[in-house]
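Here are my notes for you, point by point. Keep the structure open while you read and look up each residue as we get to it.

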Amino acid sequence: QVHLVESGGGLVQAGGSLRLSCAASGSIFSINVMGWYRQAPEKQRELVAAVTPTGRPNYADYVKGRFTISRTNAKNTVYLQMGSLKPEDTAVYYCNAVYRPVDWGQGTQVTVSS
C-alpha cells in the first residue's frame with residue numbers, strides 16, 4: 001500500500017516563497033508521472049504541476065514562471081518550489097500519481113496573506 005505524506009506548507013505573505021515536499025512509500029513512485037494538486041475552500045481539486053519519471057515538468061498556466069516541480073526518485077520524493085505567491089494560491093496542496101492515483105494523503109495547507 002502506498003502512502004503519501006505532504007509537508008512544507010505554512011503562512012506566507014504575498015510575494016513570498018515556500019517549498020513543499022511529498023514523500024511516497026511503496027514502489028509506484030519511480031514509474032509514474034507525479035503531480036501536485038491543490039484544493040481551495042468550496043472548489044474542486046485541480047492539478048497544478050506534474051513531472052515525468054525522467055524529470056520533465058508541466059504546469060498549469062496560472063503557475064508557470066512561479067512554481068517549479070522536481071523529483072528525486074531515489075528518495076521517492078517530489079517537490080514543489082513556489083515563488084511570487086498570491087492570495088489566490090491559498091489552498092491545501094496534495095501530491096499523487098497522475099495516471100494511477102492512490103489514496104490521497106492529508107495534504108499541506110498553504111495560506112498566502114495579502
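1. Start with Asp-89, which is buried at a relative accessible area of 1%. Keep in mind that this is a predicted model. Asp-89 makes a salt bridge to Arg-38, and the closest N and O atoms sit 2.9 Å apart. Asp-89 is in the loop between strands E8 (77-82) and E9 (91-97), while Arg-38 is in strand E4 (residues 34-39), so this pair ties together parts that are 51 residues apart in sequence.

2. Now look at Arg-38 itself. Buried or exposed? Arg-38 has a relative accessible area of 7%, so it counts as buried, the limit being under 20%. Arg-38 also has a salt bridge with Glu-46, again with 2.9 Å between the closest N and O atoms. Glu-46 is partly exposed, at 31% relative accessible area.

3. How many salt bridges turn up in the whole structure? A search finds 4. One of them links Asp-61 and Lys-64, with the closest N and O atoms 3.2 Å apart. Asp-61 counts as exposed at 62% relative accessibility, and Lys-64 is partly exposed at 48%. Through shared partners, salt bridges join Arg-38, Glu-46, Arg-66 and Asp-89 into one network.

4. Last, have a look at strand E1 (residues 4-7), where the side chains alternate. E1 pairs with strand E3 (residues 18-24) in the antiparallel sense, over 4 bridges. Within E3, Ala-24 is the bridge partner of Leu-4.

How values were computed:
Residues are numbered from 1 along each chain as its sequence is written. This is a predicted model: local features need pLDDT of at least 70, side-chain atom pairs count only at pLDDT 80 or more; totals for chains, interfaces and linings use all residues. Side-chain values use heavy atoms; hydrogens and water are left out. Buried means under 20% relative accessible area, exposed over 50%, partly exposed in between (1.4 Å probe, protein chains only). Helices (H or I, at least four residues) and strands (E, at least two) are DSSP runs, numbered from the N terminus. Two strands pair if DSSP finds at least two bridges between them. A salt bridge is a side-chain nitrogen of Lys or Arg within 4 Å of a carboxyl oxygen of Asp or Glu.
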